[in-house]
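Subject: Structure handover

Hello,

Here is the structure I said I would pass on. My notes follow below it.

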Amino acid sequence: PLQLMWFRDDLRTADNPALSSALAAGPVIAVFILDQQSPGIRPLGGAAKWWLHHGLKSLRAALEDLGIPLVLRKGPADSIMTELARQTNAQAVHWNRRYGQPERAVDTRAKTALRGLGREARSYPGTLLHEPWELLTKKGTGYKVFTPFYNALGDSAIRPPLPAPLGQDTFSAAGIPNGLELEDLELLPATAQWTAGLAAQWEPGEAPARHRLENVLESIAQDYPEHHDRPDLDGTSALSPALRWGHLGAHEMWDALGRLAAENPKAGAGATAMRRQLAWRDFCWHLYYHHPQLPDRNLRTDFDHFDWVWPEQDQQVASYVQLWQKGRTGFGLVDAGMQQLWQTGWMHNRVRMVAASLLVKNLQVHWKVGERWFWDTLVDADIASNTANWQWVAGSGADAAPYFRVFNPELQAKKFDPQGSYVSQFAPLAAQPIVDLKQSRLDALDAYDQMKLRL
Ligand code: FAD
């Protein structure tokens, strides 16, 4: 009996529990539905759409090699999926779970409708190392602090990755009406030339992600403890977009790093440190699952009383925000990061923290303003990681940086870009600083004291 595999944030064939189970049950048709309209779903940003277009192209080729056709659709995903199951007379629909509230609502509606039609709906854990309801504190709640979360993760059993499936005899989706071409999803911008920079930097897909993981295991992991904070070096995995889109499964990366640590003592510290970083991804998603307000509200509600400024309310602030977006703040490290982001759709983690801190602390702009810009420009834009990290920098998050810790972008540049090569690569032309670092830091601390007086 025919099986439908519903792809979403898991654009890969290996280590894909839903796909493996579908193939074990019968011939498979794969489906991807671009849903930008179901209630509460945040539409994808520009860079993410570019990635998705190419990621789907690459997935389609990989599935073709397995004899699996990929059907594309656009619209409210639960009703489209139910209709497809009816049209194809499929016995079951298989998917890997999602963890955002709006997406879960779509999946629940699909499950109910499919079961109403007498079809099976089977969901699997494929995206996170643990389901958010599995890893809980002694009180039975989700973790709000990373270190105990990480310790609990370390003590838990994490399943090994699943092998790539063997495939099936080629199966045609020719009988399915209204199939869309990839171009019909309209994921590529009509004009913006900036995608040339994205294309020069990235090759979205499962095979390139695995290739990069091999490089990480061979060399990058070993130097990770010394290099991971250095934006001037190729010192981190740069696998965040592959993880975001699921070209690479977190289990595969976790397992590979664990084996490296066990087999190669020289790389042990680096592999373990990178695993810890990977655990942050799960932590952000668990936090979002247990606190669905994470993208919209301060997790620490005392920050509701902070006197944030908004570009809509003040011309001067609007111009500062624009200079920040363009990488013209006059602080080399921030400007290089913002231009790296614009050109390549990615920014080094250390620089993300420094750039975000300048916006939310020295300029006192609400973190949502920066979060939205990152959402639109990052190829790894991920609602849990982006909003949790912005709240971390702003001080309003669950396990956040203390407010008084304001990054000094000049000292950070000296420390982490000692030869200035990152800055000269991305921001060779120095601009006039838009704020006085000392004074704006004092103003930020003062605003924080004012907030406390209002509580
Ligand atoms: P590595 O150092 O090689 O780490 C391996 C993997 O661990 C990463 O690929 C990523 O999946 C995960 N990871 C590492 N650090 C973090 C972290 N702090 N939080 C969550 N996961 C982490 N990451 C995103 O994936 N999407 C986002 O939208 C995003 N927005 C961010 C916004 C701000 C303001 C900040 C400070 C950080 C943000 N991050 C985000 C986290 C982090 O900057 C990136 O994941 C990291 O830079 C990716 O580089 P890498 O793959 O080389 O990381």
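Strand β2 (residues 28-34) and strand β3 (residues 70-74) run parallel and are joined by 5 bridges; two strands pair if DSSP finds at least two bridges between them. Between β2 and β3 the chain passes through helix α2 (residues 46-65), in a right-handed β-α-β crossover. Right-handed means that, with the strands pointing away from the viewer, the path from the first strand over the helix to the second runs clockwise. Helices (H or I, at least four residues) and strands (E, at least two) are DSSP runs, numbered from the N terminus.

This is a predicted model: local features need pLDDT of at least 70, side-chain atom pairs count only at pLDDT 80 or more, and totals for chains, interfaces and linings use all residues. Residues are numbered from 1 along each chain as its sequence is written.

According to UniProt (unreviewed entry), residues 1-129 carry the feature "domain: Photolyase/cryptochrome alpha/beta"; such annotations may be inferred rather than shown by experiment, and the positions are in the numbering used here, with feature names shortened. That stretch, residues 1-129, is 44% helix and 21% strand.

Now the ligand. There are 28 residues around it, and T236, S237, N349, N386 and N389 come nearest (near: C-beta atom, placed from the backbone, within 6 Å). Helix α10 (265-290) is among those that each supply at least two residues of the shell, and α10 gives the most, with 6 residues. Domain 2 (128-159 + 206-290) and domain 3 (301-454) each contribute at least three residues to the shell; the bounds come from an automatic or database domain assignment.

Regards
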